[in-house]
Amino acid sequence: QRAASVYQVAFRFSTVAESNPIARRAVEVFEKAVVLDSKGVFPTCTPVRIPFKSSAMHGYWCPADSDKYNVTAVPTLVALNGFDSTAEMFYKVAVAGMHPRGYNVLVMEGPGQASTARFDHLYFQYNYEEPVSAMVDWVIENHNVNQSNLVLWGVSLGGYLAPRAFAFEPRFSALIANGGVLDFYQVLVCRWPENLQQLYYANTEATDAALNAIFDEVIVSNEAPAFLQHFSDLDFGNTRMNVTQIFDAFMNFTLNSSDV
């Protein structure tokens with residue numbers, strides 16, 4: 001798992017061309033660690049691929065020991081990570097907290113997230129109840145679980161997606177939503193230099209074209225930090241959107257009381 005963590009960090013500081021092979025290696029090494037797990041911390045966890053649309057979603061299934069808790073069916077937690085994090089990064093957080101307390105844990109990457117977007121080409125969608133319902137279907141169809149105690153947990157961007165899914169997926173009995181960011185849009189835009197902010201807020205066809213051209217040039221030159229590469233080339237998300245369209249879409253991701 002230490003080696004996998006090194007790869008996880010490395011691909012974020014690499015160029016777009018270099019990042020996919022490193023990200024794939026991060027997953028491969030982590031999956032070996034999960035299966036081998038010499039310390040026996042989570043010996044029952046296995047990598048899973050849950051069918052969705054014409055592809056599949058990547059994650060990990062960690063069933064609780066029902067005999068240990070003297071029950072025939074145990075509760076289940078479905079955990080969603082954030083925009084640029086991975087199931088491998090969220091694994092220990094979700095599993096270490098809930099697995100010892102008698103919960104099955106399913107840590108998943110949905111459309112637009114990490115390997116599911118990079119390698120399975122499932123891109124972001126607003127109606128996240130669809131992929132989450134597919135996760136619930138997979139759990140119920142393949143495992144003996146307590147269907148009256150299904151919990152959905154979302155962190156970071158997952159903290160925004162989880163409430164949407166919870167609202168339209170009636171089989172969940174509880175929701176944990178930790179968006180973590182009050183105004184995702186402002187967090188992103190405020191990272192830009194002032195001249196780029198002025199171009200963006202001018203909101204004309206000419207300024208949008210100029211802004212997109214600047215981002216394209218930086219990305220092609222491989223001088224962009226990982227933040228700009230991933231938000232512009234969108235290894236995570238929807239590759240059909242340009243920079244201004246991406247940030248226009250993020251405008252709605254806010255918990256400001258004046259906007260709710």
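**Strand β3 and its surroundings**

Author: Strands β3 and β5 (residues 145-155) pair in the parallel sense over six bridges; strands are DSSP runs of E with at least two residues, helices are runs of H or I with at least four, both numbered from the N terminus, and two strands pair if DSSP finds at least two bridges between them. This is a predicted model, in which local features need pLDDT of at least 70 and side-chain atom pairs count only at pLDDT 80 or more, while totals for chains, interfaces and linings use all residues. Residues are numbered from 1 along each chain as its sequence is written, and side-chain values use heavy atoms, leaving out hydrogens and water.

Within this pairing, Leu-77 stands opposite Val-151 in β5. Leu-77 also stands opposite Val-105 in β4. Strand β4 (residues 104-108) runs parallel to β3, and five bridges join them. Between these two strands the chain passes through helix α3 (residues 87-98), and this β-α-β crossover is right-handed (with the strands pointing away from the viewer, the path from the first strand over the helix to the second runs clockwise).

Strand β3 (residues 74-80) is mostly covered, with seven of its seven residues buried (under 20% relative accessible area, with a 1.4 Å probe and protein chains only).

Leu-106 touches Leu-77, Val-78 and Ala-79, among others; contact means heavy atoms within 4.5 Å. Its other contacts include Trp-61, Met-135 and Trp-138, where residues up to four places away in sequence are not counted.

Key:
Buried < 20%, exposed > 50% of the residue type's maximum accessible area, 1.4 Å probe, protein only.
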